[in-house]
Amino acid sequence: MEKRGPVLHIVVVGFHHKKGCQVEFSYPPLKPGEGHDSHSLPEEWKYLPFLALPDGAHNYQEDTVFFHLPPRCGDRTTVYGVSCYRQIEAKALKVRQADITRETVQKSVCVLSQLPLYGLLQAKLQLITHAYFEEKDFSQISILKELYDHMNSSLGNTSLEGSQVYLGLSPRDLVLHFRHKVLILFKLILLEKKVLFYISPVNRLVGALMTVLSLFPGMIEHGLSDCSHYRPRKSISEDAGLQENPPRLDDYVSVSAADASNANLGMGKGDRKMAGDNSLEGQKADVPFSQAEKACNGAQSSNGAVQRLKVPSRASPASSESDWETLDPSILEEAHLKEEEHENAASEQAGNVRSKGVSSEGLPITVQPQANTGHTVLVQGLVSGLEEDQYGMPLAIFTKGYLCLPYMALQQHHLLSDVTVRGFVAGATNILFRQQKHLSDAIVEIEDAHVQIHDPELRKILNPTTADLRFSDYLVKHVTENRDDVFLDGTGWEGGDEWIRAQFSAYLHALLAAVLQPDNEKILSDFGTGFVTAWKNTHNYRVWNSNKHPALAEVNSSHPFQGQYSVSDVKLRLSHSVQNSERGKKLGNVMVSTSRNVVQTGKAVGQSVGGAFTSAKSAMSSWFSTFTHSTQSLGD
């Protein structure tokens, strides 16, 4: 069997005036045995046309979409989609098909890939999409076939351990826009909450969302392979049945033959049964898509591609988190025997950490973590199923029903309330998503850099500690000091994109090292006692904590910005409260009104200024009356 390249398909999606969004061309065909011009889709990819050609696209001349598709029958990992949309006036076409009845023609050229190279794929795809439209004859498909061959030949040996993975994702711009709120977004995702990003057009949406994810070490490269296991909706009657008898995520577990052989490597026959049992317990769970898919998976077990194994039923709630709510650490003790084989190698790797980044003395954040120029040694996690480094990164956040959907079509709206979906980080441009606040824990309005958290208790947990405020202020100052440097533009080290990612990596490593320490209440309070308590109840923490990570012994186990409370911290807290509390915003508006009135002349000046200052004094006194209390409750 010929080995497939990283690019699975090149697809053209168009808007038909009667049929709506539909696939017009695919190479190779999306369904074996059908022609390149077939409109039919695999059941798992039924939302592809609506993702590739986004809602409201007619309002823009061009746009770019990043999206994720579920794995197809027999595959195990997410399919990463990049789509470039354009529209052209129908009268400009050299060849006009009979079904073109509108004044404009809207189409998207889309790449479906096995590698999460969003920006790199986008850069190549934009050039080809431009050339395809310049032909002004959409029957000229040879350029698309050439694109498929070119991408597979040029990306065939592409490594995910380089800066090209982050092409187009700028943490520097993210910090400039969201400022200290970037850390709140980071913690929201660590807590596996339901987070909805909102803005239009789509390229701004997916850019911001994926940039936030790029702050998590190894997440883009290796942490999204299980992030889109969802069940497409078929019919209303089926959905009604779904509510009555929700499918148990632990009913079926997919174990690929390759994964099993890797886990058993170097073990004797007597050990293989033990490793296989642990792999079965820890492997990523699938939501069974359909009877057809079950049959397909069952048929493939004969040739060793994928085996669908039945897990013994257990008396636990039929919940997507039931396995992990009742996870017994003793189940994983045998897996630790396997981990010990890697401890020596991991310890040697950890010995290089001190020279490359985090020091065991002083503040690790100020030692300037160095850019990752070497090749990280990765091993497959027995529980997470992800490729992990010696610190256990990436965290198993987007696994077991926690979805990452950079762009969600309106047709996928039901996923927000699906019983098999325990959470999500999703992006939307349709206002209907934003209006239904009860379906999410937080809405991130990118345009205004506003993070709306609905639950007061969650807001309290995520209120930044004094150490967190110092960390955020440190980032903002370094980024804003160089914002006008045309030669920097995010490519320099300090204040640049790689530097910011290194700061968040050091922050997360310090948090992980801190939770391993005995008598660590004081250390963890710098990260937020309530936050750490909530995080320890998440799926990703339990998976991470089930394995040993000896490399963390070399990491400073305290907050990068721990220290005594000072006058500068009072100023930071005051500034943060003014910018984010409702009273603070009112105070700011009053001050603006006052400044406007000061420049007036004549009698109106005295009256206006007097009234404005009275209003300012009233707002100030009201705000300060609660400031002391809020400082104590938010800062501790």
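Colleague: Why is Leu432 called partly exposed?

Modeller: Leu432 has a relative accessible area of 40%. Buried means under 20%, exposed over 50%, and partly exposed lies in between (1.4 Å probe, protein chains only). The value of 40% falls between those limits, so Leu432 is partly exposed. This is a predicted model: local features need pLDDT of at least 70, side-chain atom pairs count only at pLDDT 80 or more, and totals for chains, interfaces and linings use all residues. Numbering runs from 1 along each chain as its sequence is written, and side-chain values use heavy atoms, leaving out hydrogens and water.

Colleague: Where does Leu432 sit?

Modeller: In helix α15, residues 431–435. A helix here is a DSSP run of H or I with at least four residues, a strand a run of E with at least two, both numbered from the N terminus.

Colleague: What makes the nonpolar surface patch of about 220 Å²?

Modeller: Leu410, Ile431 and Leu432 make that patch. Patch members need over 30% relative accessible area and no salt bridge; nonpolar side chains (Val, Leu, Ile, Met, Phe, Trp, Tyr) are joined within 5 Å, like charges within 9 Å. A salt bridge puts a Lys or Arg side-chain nitrogen within 4 Å of an Asp or Glu carboxyl oxygen. Leu432, at 40%, clears the area limit.

Colleague: Why does His509 count as buried?

Modeller: His509 has 8% relative accessibility, and the limit is under 20%, so the label holds. The residue belongs to helix α18 (497–515).

Colleague: Which residues is His509 in contact with, neighbours within four places in sequence aside?

Modeller: Tyr391, Met393, Leu552 and Val555. Contact means heavy atoms within 4.5 Å. Ser558 is 49 residues away along the chain, with 9.6 Å between its C-alpha atom and that of His509.

Colleague: How do you know that β13 and β14 pair?

Modeller: DSSP must find at least two bridges between two strands. β13 (442–445) and β14 (450–453) have four, in the antiparallel sense, so they qualify. Gln452 of β14 is the bridge partner of Ile443, and Val444 stands opposite Val451. Four residues lie between the two strands of this hairpin, where Ala449 takes a positive phi near 50°.

Colleague: What makes a face of β14 covered or uncovered?

Modeller: Val451 and Ile453 form the covered face, His450 and Gln452 the uncovered one. Side chains in a regular strand alternate between the two faces of the sheet. In β13, both faces are covered: Ala442 and Val444 are buried on one side, Ile443 and Glu445 on the other.

Colleague: Which strand pairs with β13 in the parallel sense?

Modeller: β6 (195–198), over four bridges. Glu445 in β13 is the bridge partner of Tyr198.

Colleague: What is the strand order in the open sheet of five strands?

Modeller: The order is β2-β1-β5-β4-β3, with antiparallel pairing.

Colleague: Why do β2 and β3 stand at the edges?

Modeller: β2 (20–27) and β3 (62–69) each have a single partner strand, so one side of each lacks a neighbour in the sheet. Neighbouring strands are turned by 25° on average, direction ignored. Axes are lines fitted to C-alpha atoms, for helices over the stretch in contact; angles between N-to-C directions run from 0 to 180 degrees.

Colleague: What does helix α2 touch?

Modeller: Helix α2 (118–134) touches β1, β3, β4 and β5 as it packs on the sheet, and its direction makes about 30° with that of β4. Helix α3 (142–155) also packs there, touching β1, β2 and β5, at about 145° to β1.

Terms used
Areas by Shrake-Rupley, 256 points an atom, 1.4 Å probe, with all protein chains shown as cover.
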